[in-house]
Amino acid sequence: MKSLDIHKSEYLKQFENQVYGRNLFRTQEEERLDAPNEECGIFGLYSDNDLDTFSLSQFGLFALQHRGQEACGISVLKDGRITNMKDEGLVLDVYKDIQEPETFMGNSAIGHTRYTTAGDKKKYNFQPFFAKNEYDQIILSIAHNGNLTNAKELKAELEAEGVVFRATSDSEVILRLIQKNLDLGLRGAIKATMEKIEGAYSVVGMTRNKFFAFRDFNGIRPLVLGAINENSYVVASESVALDAVGAQYVRDILPGEIIYTNENEPGKLHSYMMDEAKGKQRICSFEYIYFARPDSTLENINVYEIREKSGEKIWEQAPIEADLVIGVPDSGVPAAIGFSKASGIPFRPVLIKNRYIGRSFIVPTQEMRERVVNLKLNPIISEMKDKKVVIIDDSIVRGTTSKRLVKILKDAGVKEIHFRSVSPPIIAPCYLGIDTPSKDDLISANMSTEELKNYLGVDSLEFLSIDNLKEILGSSNHCFGCFTEEYPVGKGEEVGLFN
């Protein structure tokens, strides 16, 4: 048997050249229905010299592909001119369709990978968003990750002032507020915007001679800063995007912080704190459980280590006798390795991935959609037959994927199935930039653990406790809203944002 360290190394190395797939048992349709979904990843690059912004932005966004797979876009600054491109599809497909890469070579770029939360899925909602002057020149472009809870009222205020909206996304509210206040200077415009907007937001953007990024007062959505050299900076949703472009991690952008450049000091990055007393660290705890790539570091916490510790902790919380441990690829594997380390029960990667399968099979029937899963993952029956198996998964949302997984194991002849979720029960939807089903569709909000055990047809079922999650993370300074229904900011108008 391979050592667990070798399994860890192989597991992490694969994401350097292929997209991280969180839970490969979910069909594309179920990724919308039976999982919480992060709506986007953002990336920004600035230098006082010209760079290969076409390639570097592509590498950075590819590393963030797991955060949004519906659309991709970039804005590039070259010689005081901003060029924008965005389209439906995965990062590599969108870049492949660019006919003249030299058009997107410059000294600054921002990019976005999209998953829809606020607004519909039309092309006018793809990011980056941009604003033009009377000469039809782009003067401002932004990419946003998060969700504003007061966007509807702000949109109404701006429309009453004569502002015309082109999209149905809350991100355009941020764009129009900055645009409206540009006469205050860039920093003043961002400051005025942050004083108005509420909710969760990490933003990166550019004007025709400046680069900027800022983060909400609770730091709910992640945003990290890196440097390629002393005059070239990178901002991204996760540190893996820094790694992809050869940048060194510097630090996380602080809650309530604005970073920006100005035309008088090229290559120098400035920082401005809005209100240090107001800024609090409440980063989403689900970033560590599920959203972030396992080789990312957020707030100086390594994501893989948290996931491995969660497996160790749930063994301490709910030990069980078994013959082998299985982790659902990709997100459940680190916790399965941790469970194996703590329990001594062998870890076996017996759910084999097809590394060459694409995302989108167009199939008309549910029966055929079920078969897509077997193309993605195939169990090694000989390793499981007549065995007592512990299956480790990141979470249970609606329960449909978990139920199918149990059926696959039973069809493989597994003797006993012990299900362990390394997140607490998800009992509430998120209003701060994560797309989750309504409370009526969250199975743990409507069933006890015993009822859910019977529904899934497993021999035992346990969830990581909220106290153990806090212990693993090392503090309570996170958003635990989906587990506790207590949020760091008010819910706002969570339904029908622009409808």
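**Strand E3, its partners and an annotated site**

Author: E3 and strand E5 (residues 106-114) are antiparallel partners, joined by seven bridges. The model is a predicted one. Within this pairing, Leu-77 faces Ser-108 of E5. E3 itself covers residues 71-78. It also pairs with strand E4 (residues 81-88), again in the antiparallel sense, and here eight bridges link the two. In that pairing Gly-73 lies opposite Lys-86 of E4. E3 and E4 form a hairpin with two residues between the strands, and Asp-79 adopts a positive phi near 55° there.

The burial of E3 comes next. Seven of its eight residues are buried, so the strand is largely enclosed by the rest of the structure. As a general point, side chains in a regular strand alternate between the two faces of the sheet.

His-112 belongs to strand E5. Its relative accessible area is 1%, and it counts as buried because the cut-off is under 20%. The side chain of His-112 makes a polar contact of 3.5 Å with the side chain of Gln-127. Setting aside residues within four places in sequence, the contacts of His-112 include Ala-71, Cys-72 and Gly-73, which fall within the residue range of E3. Other contacts of His-112 include Cys-40, Gly-41, Ile-42, Leu-61, Pro-128, Ala-143 and His-144.

The annotated site is a separate matter. An unreviewed UniProt entry lists Cys-284, Cys-430, Cys-479 and Cys-482 under "binding site". These positions are spread over 199 residues of sequence, yet they cluster in space, with a largest C-alpha distance of 10.1 Å.

Cys-284 is part of strand E15 (residues 283-284), while Cys-482 is part of helix H18 (residues 481-484). Cys-284 is buried at a relative accessible area of 7%, and Cys-482 is buried at 14%. Not counting residues up to four places away, Cys-284 touches Cys-479, along with Ile-220, Arg-221 and Phe-291. With its neighbours within four places left aside, Cys-482 contacts Phe-286 and also Pro-425, Ile-426, Ile-427 and Ala-428.

Technical notes. Residues are numbered from 1 along each chain as its sequence is written. This is a predicted model: local features need pLDDT of at least 70, side-chain atom pairs count only at pLDDT 80 or more; totals for chains, interfaces and linings use all residues. Side-chain values use heavy atoms; hydrogens and water are left out. UniProt positions are given in the numbering used here, feature names are shortened, and annotations may be inferred rather than shown by experiment. Helices (H or I, at least four residues) and strands (E, at least two) are DSSP runs, numbered from the N terminus. Buried means under 20% relative accessible area, exposed over 50%, partly exposed in between (1.4 Å probe, protein chains only). Contact means heavy atoms within 4.5 Å. Two strands pair if DSSP finds at least two bridges between them. A polar contact is a pair of N or O atoms within 3.5 Å; within protein, one must be able to donate a hydrogen and the other to accept it, and residues adjacent in sequence count only if both atoms are side-chain atoms.
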